[in-house]
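Have a look at it first.

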Amino acid sequence: MSQTPRTRTVLSCTLLVVALTAGATACGSDGNPLSAAPYDAADQVSFNGPAGEGRKADPDKPLEVTAEDSDGRITDVTALDATGRYVAGELSADGTRWHSTSPLAASAHYTVRVSTEDEDGAPGREVLAFDTGKPLTKKRLKVTFGPKAGTYGVGQPITAELSKPVKDRAQRAVVERALKVDSMPAVEGAWHWVDDKELHYRPKEYWPAHATIQVRSNLEGIKISDRLWGGEVKPLKLTTGDRVIAVTDASSHSMTVYKNGKAINEIPVTTGKPGFETRNGVKVVLGKEHFVRMRGTSIGIAEGSSESYDLPVYWATRVTWSGEYVHAAPWSVGSQGYANVSHGCTGMSTGNAEWFFDNVREGDVVKVVNSYGDTMETFGNGFGDWNLGWPKWRKGSALVGGSPDGPRPEEKARLRPESV
């Protein structure tokens, strides 16, 4: 019989359990080691759960299972609660002790299945059950998912706002592991920690068109730290519309709008002039406003200076919180398609701006190429999430490794606008 246990990994929708497989070598009456029925191993194992009717385990303490018989060993332990959440754990190399490495949930019922083998390799089984009590602390971590339920464009990230800061990486992993995003069709995606109280989730590529996205949490009752437990979280359901991507080439003063991969409109535009260059990169539509009064003072231009302005603006589609829009600019129609004369916004005729306003929704993608401006900020000024490459995005996950990265360095190389 091999003395080195082989590893087996059990995956659940929430936590990972690492256990050791039973290396059964004892033979039954027919000589097949798998034909022997498992014996009752109740006398061979013990655990630190509550003893006595009605008593409950302290969820702050780890679960521990121990082999009592010196001639036998534990080969496999699987612990899960009534909702199907597994508890991660580790088994000692000699098979004498298994202990949990992830937090137990409060007010939960657990079933623990223990596999053993004796000195001859005969398999044993024992099933243990216990309930956990309520945590002593009353502090709960609340999570608010965003955006609001509805239909969005394929560039819309999912956000998770935390009611309290979570700084420790191990605690972040507990939180992140409990936040679930499922889409139909299914896509690869990951959470990224923006800061101690905010996470964003996005796929590797844009969401599929006409997808259904379900966002939920298994955090309730889970211990995050000695003084913080997961609270109840309201789930979120989103859908996506058509794949609408607008690509503005600042060097050719033209915007091409694609719908489901097909160009449906090409619009003459003007973008930011020298000193006010439009940001390069991918932005996401944040909202639409029929009328906005735009003042130069809002972007730091002194009132009364040569660059000062105070204008009524119509059909304004917002792409940054700092005031970058795609909007009607009837005063610059003579420059649209020929020169960049704006203070950073993308201007077009009133008719084209109304068409654009009517054909995009929140979450649609607006991409600017070949501007001399900086790259769109990744966070804090809207959704620049797509300007991080996938490897860097994944580094912002507490479950992957590494740390959040900033935006990519400015790239001055000319890009092809048909890449959508």
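Helices here are DSSP runs of H or I with at least four residues, and strands are runs of E with at least two, numbered from the N terminus. Counted that way, this predicted model has three helices and 30 strands. Of its 420 residues, 48% count as buried. The accessible surface comes to about 20,200 Å², and carbon and sulfur atoms own 50% of that. Looking at contacts with a separation of 6 or more, 66% are between residues 24 or more positions apart.

Now for one of the sheets. Three strands make up an open, mixed sheet in the order E11-E20-E19. E11 (140–141) and E19 (223–225) each have a single partner strand, so one side of each is left without a neighbour in the sheet. Helix H1 (residues 169–178) packs on this sheet and touches E11 and E19, its direction making about 155° with that of E19. E11 and E20 (residues 228–230) run parallel, paired over two bridges; Leu 141 has Gly 230 as its bridge partner in E20.

| Cis bond | Omega | Loop holding the proline |
|---|---|---|
| Gly 146 to Pro 147 | about 0° | between E12 (143–146) and E13 (150–152) |
| Met 184 to Pro 185 | about 5° | between E15 (179–184) and E16 (189–195) |

Asn 260 has a phi of about 55° and sits in the loop between E23 (254–259) and E24 (262–268). With 45% relative accessibility, Asn 260 is partly exposed. Trp 315, with phi near 50°, belongs to strand E27 (residues 310–318). Is Trp 315 buried or exposed? Trp 315 is buried, because its relative accessible area is 17% and the cut-off for buried is under 20%.

How values were computed:
Residues are numbered from 1 along each chain as its sequence is written. This is a predicted model: local features need pLDDT of at least 70, side-chain atom pairs count only at pLDDT 80 or more; totals for chains, interfaces and linings use all residues. Side-chain values use heavy atoms; hydrogens and water are left out. Two strands pair if DSSP finds at least two bridges between them. Contact means heavy atoms within 4.5 Å. Axes are lines fitted to C-alpha atoms, for helices over the stretch in contact, and angles run from 0 to 180 degrees between N-to-C directions. Buried means under 20% relative accessible area, exposed over 50%, partly exposed in between (1.4 Å probe, protein chains only). Accessible areas come from the Shrake-Rupley method with a 1.4 Å probe; for residues, only the protein chains shown count as cover.
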